[in-house]
Amino acid sequence: MNTYKIAVIPGDGIGKEVVPAAIEVLDSIAKLDGNFKFEWTYFPWGCDYYLEHGEMMPGDGLETLKQYDQIFLGAVGMPELVPDHISLWGLLIKIRRGMKQSINVRPAKLLAGLQSPLKNPQNFDITVVRENSEGEYSDSGGRIHTGEDEIAIQNAIFTRKRTERAMRYAFELAKSSRKHVTSATKSNGLTYSMPFWDEVFNVVKKDYPEIDTSVQHIDALAAFFVMKPQAFDIIVASNLFGDILTDLGGAIMGSIGIAPAANLNIEREYPSMFEPVHGSAPDIAGLGIANPIGQIWTGKMMLDFLGHYHAGTRILTAIEKTLSSGVKTGDLGGTATLEEVKNTVINYL
Ligand code: NAD
Ligand code: IPM
Ligand code: MN
C-alpha cells in the first residue's frame with residue numbers, strides 16, 4: 001500500500017469549496033482501488049493569510065512543501081483586497097518556480113455529456129504543453145519617468161534550456177498520442193523571442209522524425225481552436241500564449257470550470273502541483289454552486305502522475321457519467337450544486 005503525503009492549499013474563493021470536494025472523490029477512489037491512500041495536510045495560505053500576516057505564505061513555506069510528495073492547490077486571488085501581482089507572485093508563481101515546475105500540462109477534450117458552445121465540435125482531444133517558468137512572465141522590467149512621459153517596461157525572457165525542455169516534453173507526449181506537435185508562435189510580430197522559439201523548435205523536431213509538426217501563429221491558432229479544434233493533438237506554447245489558449249480550451253469544452261492542469265517537476269526532484277485552469281471566481285465564491293469538475297479532473301492528473309492510471313480512468317469515467325446524467329452546475333447550463341455534482345461523481349466511481 002502506497003501512502004502519499006499531499007500538501008493541500010485550497011487558497012481563495014471557490015478554491016476553498018472545490019478542493020475539499022475533489023479530496024472526497026480522491027479518498028473514495030483510493031478506498032475502492034485498495035492499492036494506495038492519501039495523507040492530506042492543509043495549509044491556510046492565500047489572501048486571508050496575507051491580510052493577517054503581510055505575506056501569502058510563511059518565509060519557510062517552500063522548504064515546508066518540499067517535504068510532501070505532491071501539492072494539491074485550488075486557486076489564488078482576491079483582487080478587491082490584494083492586488084493580483086502580489087497574491088499570485090507571492091504564492092502560485094512562487095511555488096511553480098521554487099519547485100521547478102517548468103512544464104504545465106493542460107488537456108482540452110470533449111467529454112461525454114458535455115455541450116460545447118461550438119456548432120460542430122467533433123471529437124477534439126488536445127493537450128497544451130505550456131512553458132511554465134519564464135517567457136512573458138518575468139519580473140524584469142520597470143517603470144520610468146512620470147506623468148505623460150511615463151513608461152512601463154516588461155521584458156520577456158526565453159532561455160534555450162527551458163524552451164527546449166518544454167518542446168521535448170511535447171514531443172515525448174506526442175509519441176504516445178496521435179504523433180503531431182503544433183508550435184504556437186508569433187514570430188511575425190515579435191522580433192527576438194519568437195524567432196528564437198521557432199529556431200529551437202526546428203532543432204528539437206529533428207530528434208523526433210516520427211512526429212509530424214506544424215507551426216501556427218498564436219492569433220490564427222486561437223481562431224482554429226474555435227473553427228477546427230479536432231485538427232490538433234499536442235500543442236507547445238510559451239507561458240502567456242499557453243495561458244490564454246487553455247482558458248479557450250476550457251471554453252470550447254463547455255466551461256473553464258472543468259479544465260484541469262498539472263504543473264510538473266518532470267525531474268521528480270521536488271513535488272509537482274496540481275491545480276485547475278480556472279481562478280478563484282470571486283463572483284460565485286461561497287455560494288456552493290462552483291463546478292468541482294476542474295478540480296476533480298485535476299486530481300485524476302495527479303493520480304496519473306503517481307502511476308495510478310486505472311484509478312484515474314475511473315474518475316474520468318465517473319465525471320462523464322455524471323455529466324451524461326444531466327447533473328451539471330450553472331456554468332454548464334444545469335441547476336445542480338457543487339455538492340450534488342461531487343456526490344454523483346462518487347456514486348459513479
Ligand atoms: P476565474 O477563472 O476565477 O473566473 C472567470 C469566470 O469563470 C467567472 O465568471 C467565474 O465565475 C467562472 N468560473 C471559474 N471557475 C469556475 C467554476 N469552477 N465553476 C463555475 N464557474 C467558474 O478568472 P478571473 O475572474 O480572471 O480571476 C479571479 C481571480 O482568480 C483573480 O485574482 C485571478 O488572478 C485569479 N486566478 C487564479 C488562478 C490560479 O490560482 N490558478 C487562475 C486564474 C485566475
Ligand atoms: C493560470 C492563471 C495564472 C497564470 C495567473 C493567475 C497568474 O491564469 O494558472 O492559468 O497566468 O499562470
Ligand atoms: Mn490562466
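Mentor: Let's take a helix pair, then the ligands.
Mentor: It's a predicted model, where local features need pLDDT of at least 70, side-chain atom pairs count only at pLDDT 80 or more, and totals for chains, interfaces and linings use all residues. Residues are numbered from 1 along each chain as its sequence is written, while chains are lettered from A and ligands numbered from 1 in the order in which they are written.

Trainee: At what angle do the axes of helix 5 and helix 6 cross?
Mentor: Roughly 50 degrees, and the axes of helix 5 (residues 160-175) and helix 6 (residues 193-205) come within 10 Å.

Trainee: Which residues of helix 6 make the contact?
Mentor: Trp197, Val200, Phe201 and Val204, against Arg160, Thr163, Glu164, Met167, Arg168 and Phe171 of helix 5. Contact here means C-beta atoms, placed from the backbone, within 7 Å.

Trainee: How do the residues of that contact divide?
Mentor: Six nonpolar, one polar and three charged.

Trainee: OK, ligands. Which residues come nearest to ligand 1?
Mentor: Gly77, Gly257, His278, Gly279 and Asn291, of 24 around ligand 1 (C-beta atom, placed from the backbone, within 6 Å). The shell has 12 nonpolar, eight polar and four charged residues; Gly counts as polar.

Trainee: Which helix gives the most to that shell?
Mentor: Helix 4 (residues 84-98), with three residues.

Trainee: And which residues are around ligand 2?
Mentor: Leu88, Leu92, Asp243, Val277 and Gly279. They divide into three nonpolar, one polar and one charged.

Terms used
Axes are lines fitted to C-alpha atoms, for helices over the stretch in contact, and angles run from 0 to 180 degrees between N-to-C directions. Helices (H or I, at least four residues) and strands (E, at least two) are DSSP runs, numbered from the N terminus. Two residues are in contact if their C-beta atoms, placed from the backbone, lie within 7 Å.
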